[in-house]
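Here is a short tour of one chain, written to be read with the structure open beside you.

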Amino acid sequence: VAKHQLLERMRSRENLPWEHPRLAALDLQWSDLRPERSVLARLVQAGAVERLVPDHEVAAAEHTPPADTRAWFRGQVVARYPGQVAAASWESVVLDVPGAATLTRVPMTDPLRGTREHVGALLDGAPDVAALVDALTG
């Protein structure tokens, strides 16, 4: 909400279309979590936004994705098969399966799939990345 409000204020104040590169740059800058570069950190310091989650919960979430979202699957795949993860994003994990001719993209477009409840047993039964891909596609 805060990011949208900030972008909307900038857009309105400067009469910019949503596609303007300055808005895109601010949108990208919003994702920078380094305290010295963070737009959100500056807004918090100015008292312009209210923190809903305490710092210790944010720090814990850096290493422990929520079990009830696709982030759990992505985090588990990265932790369990680090040498075979070629790339990871919000909506997919790309795996380098030994012996495969090409990289394997595992789409994760539904934020509510990939939860511990949904795929925990599948991951527990996959001793390596090849077994995981077989389980997902079989």
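## Around Tyr81

In this predicted model, Tyr81 is in contact with Leu123, Ala126, Pro127, Asp128, Val129 and Leu132, once its neighbours within four places in sequence are set aside.

## Helix H5 and its cover

Which residues of helix H5 (residues 70-80) are buried? They are Arg70, Ala71, Trp72, Phe73, Arg74 and Val77. Among the elements covering them are strands E1 (85-88), E2 (92-95) and E3 (104-107), along with helices H6 (116-124) and H7.

## How H5 meets H6

The axes of H5 and H6 are 10 Å apart, and the two helices pack at an angle of about 20°. Angles under 35 degrees count as roughly parallel, so H5 is roughly parallel to H6. The crossing is right-handed.

On the H5 side, Trp72, Phe73, Gln76, Val77 and Arg80 take part, meeting Arg116, Val119, Gly120, Leu123 and Asp124 of H6. These contact residues divide into 5 nonpolar, 2 polar and 3 charged.

## A look at H7

Ala131 lies in helix H7 (residues 129-137). Ala131 counts as partly exposed because its relative accessibility is 23%. Its C-alpha atom is separated by 9.4 Å from that of Val97, 34 residues apart along the chain.

Notes. Residues are numbered from 1 along each chain as its sequence is written. This is a predicted model: local features need pLDDT of at least 70, side-chain atom pairs count only at pLDDT 80 or more; totals for chains, interfaces and linings use all residues. Side-chain values use heavy atoms; hydrogens and water are left out. Helices (H or I, at least four residues) and strands (E, at least two) are DSSP runs, numbered from the N terminus. Buried means under 20% relative accessible area, exposed over 50%, partly exposed in between (1.4 Å probe, protein chains only). Contact means heavy atoms within 4.5 Å. Axes are lines fitted to C-alpha atoms, for helices over the stretch in contact, and angles run from 0 to 180 degrees between N-to-C directions. Angles under 35 degrees count as roughly parallel, over 145 as roughly antiparallel, 65 to 115 as roughly perpendicular and the rest as oblique. A crossing is left-handed if the near helix is turned anticlockwise from the far one by less than a right angle, and right-handed if clockwise. Ala, Val, Leu, Ile, Met, Phe, Trp, Tyr, Cys and Pro count as nonpolar, Asp, Glu, Lys and Arg as charged, and the others, Gly among them, as polar.
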